[in-house]
Amino acid sequence: MPDIDLLKLFLSFVFGLIMGSFFNVCIHRLPSGESVVFPPSHCPYCKTHLRFYDNIPLLSYLLLLGRCRYCKSRISPVYPVVELLSGLISVLLLWRFGLTVQTLFLFSFLSALLVVSFIDIRHMIIPNVITLPGIAVGLLYGGLNTDWYVLRDFSKTGWSVVIGTPIMDSLVGVALGAGILLLIGGIYEIVRKKEGLGMGDVKLLAMIGAFLGWKGVLFVAFASSVLGTVVGVLVMLYRGKDLGYALPFGPFLSLAAAIYCFIGGFGSL
């Protein structure tokens, strides 16, 4: 574990807060197909463009007491929660992996999971605009982490060398991630006579496999199922719902993937 001083951790937290502000824009606009660049940030109720001092991550929400300065409408607490989580992700990655290319890749990965989770909770969808490019970035991560000189003469050394490389691990992770959920979803549909998992979940686990490899996929598939089952039972007991009550599965996949990021083995870039 790298030795990181407090100033770097603080700057990392500020960076995460700033990025979290952008992630809020993505969470709010992507489901409706809006641009995340234009128009500038504005109140969703009175449409007033927000000045920079009304848009300071976390701090503005606290100073305004969770209300719009202009129309006094309530600001969703999701905004500061996303910013805070983004800041914590940034700090934890820097503390765990140091200031490396690997950290930047994993921050982009966990950030995508953060955005996906909140979109799925609110809209029960997982946008392709996040997962499909995410698969490509995950494969790039695996490719950069691969010693390609070892692969030059794989015909002489055998397929065992190729299979053990990060890029092959990523490729297998993508295929296994998609395959596991397609199989589970197919079995559920046969037994229950209705769709249990959407293709968004399939693509999300494929993206997770691109970053975490096949071992990560197995962990995430198992851990997310346990988390989903526990939460599902608690929700049914609390709200009196039946077994047909649908919960978004994306947040459970994302949480399990985040856990694996910090306990799984990663090679350094």
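Student: Does Arg 69 count as buried, partly exposed or exposed, and how do I read that?
Tutor: The general idea is a cut-off on relative accessible area: buried is under 20%, exposed is over 50%, and partly exposed is in between, using a 1.4 Å probe and protein chains only. Arg 69 has 39% relative accessibility, so it counts as partly exposed. Keep in mind that this is a predicted model, where local features need pLDDT of at least 70 and side-chain atom pairs count only at pLDDT 80 or more, while totals for chains, interfaces and linings use all residues. Residues are numbered from 1 along each chain as its sequence is written, and side-chain values use heavy atoms, with hydrogens and water left out.

Student: Which residue forms a salt bridge with Arg 69?
Tutor: Side chains of opposite charge can pair when their charged atoms come close. The rule for a salt bridge is a side-chain nitrogen of Lys or Arg within 4 Å of a carboxyl oxygen of Asp or Glu. Here the partner is Asp 54, and the closest N and O atoms are 2.7 Å apart. Asp 54 sits in the loop between H1 and helix H2 (59-63), and Arg 69 in the loop between H2 and H3, so the pair ties together parts that are 15 residues apart in sequence. Helices here are DSSP runs (H or I, at least four residues; strands are E, at least two), numbered from the N terminus.

Student: How many salt bridges does the count come to?
Tutor: By that rule, the count comes to 1.

Student: How many disulfides does the structure hold?
Tutor: You look for a pair of cysteine sulfur atoms within 2.5 Å. The structure holds 0 of them. Take Cys 71: the nearest cysteine sulfur is that of Cys 68, 3.7 Å away, and Cys 71 is in no disulfide. Cys 71 is partly exposed, at 31% relative accessibility, whereas Cys 26 is buried, at 9%.

Student: At roughly what angle do the axes of H1 and H3 cross?
Tutor: Two packed helices are described by the angle between their axes and the distance between the axes. The axes are lines fitted to C-alpha atoms, for helices over the stretch in contact, and angles run from 0 to 180 degrees between N-to-C directions. Helix H1 (residues 6-29) and helix H3 (residues 78-97) have axes that come within 7 Å and cross at roughly 140 degrees. By class, their contact has 15 nonpolar, 9 polar and 2 charged residues.

Student: Are H4 and H11 roughly parallel or roughly antiparallel?
Tutor: Under 35 degrees is roughly parallel, over 145 roughly antiparallel, 65 to 115 roughly perpendicular, and the rest oblique. The axes of helix H4 (residues 101-123) and helix H11 (residues 250-263) come within 8 Å and cross at roughly 160 degrees. H4 and H11 are therefore roughly antiparallel, while H1 and H3 are oblique.

Student: Where is there a cis peptide bond?
Tutor: Most residues other than glycine have a negative phi, and most peptide bonds are trans. In this model a cis peptide bond joins Phe 38 and Pro 39, with omega at about -5 degrees. Pro 39 is in the loop between H1 and H2.

Student: What is the phi of Lys 47?
Tutor: Phi is near 65 degrees there, a positive value in a residue other than glycine. Lys 47 is also in the loop between H1 and H2, and it is exposed, at 52% relative accessibility. Met 124 has a positive phi too, near 60 degrees. Met 124 lies in the loop between H4 and helix H5 (128-144) and is partly exposed, at 45%.

Methods: Nonpolar A, V, L, I, M, F, W, Y, C, P; charged D, E, K, R; others polar.
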